[in-house]
Amino acid sequence: MTGAPIKLTQADAADVADLYNRCSDYFLLQDGAAPTLDDARELFSDVPPEKSAHNQAVLGWKGPGGLYAIAAILRDYPRDGTWYLGFMIVDAAQRGRGVGRSIYSTVESWAAARGATEIRLAVLEANEAAERFWRSLGFIEYRRVGPDTFKMRSHRRIELSRRLSGATVEGSNK
């Protein structure tokens, strides 16, 4: 079902909010609350203070039922060549069918074609299924951080990395 992504913009926030609602299990885990339209709008502007929203690409995949996956990736963060996958979510109805693997493969190829040599991301310690998914794709842990507060919940995060060139990850002891 996966194909070429489209670049999403703030104008797509309602479609993103619709997908978020179909993925409310994640938001209930992370935030302790259902997702809102403001959460969808925030996707397009939530970047570290030293970066700007134009450093981030929000990619989306649409099918007959609308938007079924999104990935937000920040280029050259925290350093040149390292791209940070800040968020990736797949419609709950599509999970377990290889869609997430296909989406990630597309994101990795897209980023590599634009200069990425490493992809980093963070997963909530409480999200064991996500941690297994990312590790199955070859991501390795380089540190744990937090706890950080997400609306009504606090979580520690596991930061993971994958070198696209096959080199070892700097600072990794795992």
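These are my notebook entries on one predicted protein model.

**Entry 1: ground rules**

I noted that residues are numbered from 1 along each chain as its sequence is written, and that side-chain values use heavy atoms, with hydrogens and water left out. The model is predicted, and I kept in mind that local features need pLDDT of at least 70, that side-chain atom pairs count only at pLDDT 80 or more, and that totals for chains, interfaces and linings use all residues.

**Entry 2: the elements**

I looked up the secondary structure and found five helices and seven strands in the chain. Helices (H or I, at least four residues) and strands (E, at least two) are DSSP runs, numbered from the N terminus. Read from the N terminus, their order is β-α-α-α-β-β-β-α-β-α-β-β.

**Entry 3: overall dimensions**

I asked how the radius of gyration of the chain agrees with that of a compact globule. The C-alpha trace spans about 40 × 35 × 35 Å along its principal axes.

I then looked at contacts, where contact means heavy atoms within 4.5 Å. Among contacts in the chain with a separation of 6 or more, 61% are between residues 24 or more positions apart.

**Entry 4: surface and charge**

I recorded an accessible surface of about 8,700 Å² for the chain, 48% of it belonging to carbon and sulfur atoms. Accessible areas come from the Shrake-Rupley method with a 1.4 Å probe; for residues, only the protein chains shown count as cover.

Of the 174 residues, 45% count as buried. Buried means under 20% relative accessible area, exposed over 50%, and partly exposed in between (1.4 Å probe, protein chains only).

The chain has 23 positive and 22 negative charges, and their mean positions are 4 Å apart. Lys and Arg count as positive and Asp and Glu as negative, while His and the chain ends are not counted. The place of a charge is taken as NZ of Lys, CZ of Arg, CG of Asp or CD of Glu.

**Entry 5: the nonpolar cores**

In soluble globular proteins, nonpolar side chains tend to be buried together. I therefore looked for nonpolar cores, each a set of buried Ala, Val, Leu, Ile, Met, Phe, Trp, Tyr and Cys residues joined through side-chain atoms within 4.5 Å.

Which residues of the largest nonpolar core touch the most other members? They are I73, L85 and W134, in a core of 27 residues. At least two residues of this core come from each of β2 (56-63), β3 (66-74), β4 (82-90), α4 (99-112), β5 (118-124), α5 (128-136) and β7 (153-163). Helix α4 gives the largest share, six residues.

**Entry 6: two prolines**

Is P48 buried or exposed? P48 counts as buried because its relative accessible area is 19%. P48 lies in the loop between α3 (37-42) and β2, and touches L74 and Y77, not counting residues up to four places away in sequence.

P5 lies in the segment before β1 (6-7) and is partly exposed, at 24% relative accessibility. Although P5 and L59 are 54 residues apart in sequence, their C-alpha atoms are 5.7 Å apart in space. Leaving aside neighbours within four places in sequence, P5 is in contact with L59, G60, W61 and T106.

**Entry 7: backbone details**

I found a cis peptide bond joining Y77 and P78, with omega about 10 degrees; P78 is in the loop between β3 and β4. Another cis peptide bond joins G146 and P147, with omega about 15 degrees, and P147 is in strand β6 (residues 140-150).

D76 is not a glycine, yet has a positive phi of about 50 degrees. D76 is in the loop between β3 and β4 and is partly exposed, with a relative accessible area of 25%.

K151, also not a glycine, has a positive phi of about 50 degrees. K151 is placed in the loop between β6 and β7 and is partly exposed at 41% relative accessibility.

How values were computed: The radius of gyration is taken over C-alpha atoms; the globule rule is 2.2 Å times the number of residues to the power 0.38.
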